[in-house]
Amino acid sequence: MDCNRCNEEAVMHAAYSGAHLCEDHFRESVEKRVRRRVRRDDLVPHDVTPADPQTWVIGLSGGKDSVVLTRILHDTFADDPRIELVGLTIHEGIEGYRDKSVEACVELCEDLEIRHELVSYEDEFGVRMDDVVEDDPENMAACAYCGVFRRDLLSKYAEELEADLLLTGHNLDDEAQTALMNVLEGDVEQMAKHFDASLGPLSEREEQDEFVPRAKPLRDVPEKEVALYAHIDDLPAHITECPHASEAYRGEIQQLLYDLEENHPGTRHSILSGYEELADIAAEKYAGDGGADLQECVECGSTTTREVCRKCSLLESLV
């Protein structure tokens with residue numbers, strides 16, 4: 001099958017749009033969607049100048065999503081003195097898994113000549129995920145521990161690096177899954193928080209001075225297209241599932257969406273588009289209500305809703 005835009009051989013078919021695209025036009029399509037999301041979410045302030053540039057920290061895991069996001073943002077802003085990119089990699093302490101992805105992060109940042117920072121659970125918390133999974137004092141899935149520790153370090157180092165924005169490589173599949181989970185759980189308040197935390201345009205979010213704003217410029221691109229982009233551009237992505245991954249409920253939602261998308265192409269886009277509108281309405285409803293009372297954790301000083309933050313309470317249980 002030929003590309004819809006030229007006579008070259010197509011390398012992908014997007015059932016949701018009917019498009020057949022060659023390598024060049026496929027890359028162009030992905031990059032266009034990411035740059036359009038950057039504009040729609042108002043990620044580049046109108047008043048930013050080369051004299052006072054923005055620092056954008058990318059949560060760079062070495063997987064296909066964060067690697068592709070880093071590459072596209074670099075190509076977009078390489079000649080723009082208003083934006084400085086920093087790759088932030090977190091080593092969880094998973095033998096035979098994270099070491100290889102860290103190598104991919106180092107290689108990518110060296111190739112693109114962008115700053116790279118590496119932090120680890122072991123250095124920061126004195127724990128490794130391999131040991132946490134073995135001990136499991138809270139009888140939880142590995143992802144429950146890891147998610148708390150990872151979010152803490154992303155937030156901590158985004159602040160230490162004086163970031164204006166923290167970017168993550170969540171793709172369309174990731175966000176459609178989260179959207180559907182929140183809807184099925186009837187969690188309207190969580191939808192509002194989702195909008196203000198990372199979904200809404202920066203200009204429309206309720207201000208949250210305690211945290212570095214987050215953004216997900218890759219969220220309009222399906223997971224398989226992200227993987228294809230990484231393959232075509234021969235990017236140093238480590239495409240292997242974490243050996244401790246075990247989010248059972250999300251896995252069910254993921255399979256449900258696969259089936260729906262197969263039978264009804266465009267389902268993921270429709271879910272996320274409608275969810276963003278609902279999240280916007282929910283955010284307006286909850287605006288100004290003050291939300292949960294925030295305070296400093298008595299153990300580590302991080303912002304939390306409780307006396308001892310979740311991270312510190314988990315670390316306490318691991319002692």
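In an unreviewed entry, UniProt lists Cys-3, Cys-6, Cys-22 and His-25 under "binding site". In this predicted model, these residues cluster in space, with a largest C-alpha distance of 8.6 Å, although they are spread over 23 residues of sequence.

Two of the listed residues can be described further. Cys-3 lies in the segment before strand 1, and Cys-6 is also found in the segment before strand 1. Cys-3 counts as buried because its relative accessibility of 5% is under the 20% limit. Cys-6 has a relative accessible area of 22% and is therefore partly exposed.

The table gives their accessibility and their contacts, leaving aside neighbours within four places in sequence.

| Residue | Relative accessible area | Contacts |
|---|---|---|
| Cys-6 | 22%, partly exposed | Cys-22, His-25 |

A separate topic is the second largest pocket, which holds about 440 Å³ of space. Strand 1 (12-14), helix 9 (223-232) and helix 10 (248-263) are the elements that give two or more residues to the lining of this pocket. Helix 9 gives the most, with five residues. In total, 19 residues line the second largest pocket, and those nearest its centre are Pro-222, Lys-224, Glu-261, Glu-262 and Arg-268. By class, the lining has ten nonpolar, eight charged and one polar residue.

Notes
Residues are numbered from 1 along each chain as its sequence is written. This is a predicted model: local features need pLDDT of at least 70, side-chain atom pairs count only at pLDDT 80 or more; totals for chains, interfaces and linings use all residues. Side-chain values use heavy atoms; hydrogens and water are left out. On a 1 Å grid over the protein atoms alone, a cavity is a set of points where a 1.4 Å probe fits but cannot get out, and a pocket is an open set with protein on both sides within 12 Å along at least five of seven lines; lining residues have an atom within 4 Å of a point. Grid points are joined across faces, edges and corners, and a volume is the space filled by probe spheres set on the points. Helices (H or I, at least four residues) and strands (E, at least two) are DSSP runs, numbered from the N terminus. Ala, Val, Leu, Ile, Met, Phe, Trp, Tyr, Cys and Pro count as nonpolar, Asp, Glu, Lys and Arg as charged, and the others, Gly among them, as polar. UniProt positions are given in the numbering used here, feature names are shortened, and annotations may be inferred rather than shown by experiment. Buried means under 20% relative accessible area, exposed over 50%, partly exposed in between (1.4 Å probe, protein chains only). Contact means heavy atoms within 4.5 Å.
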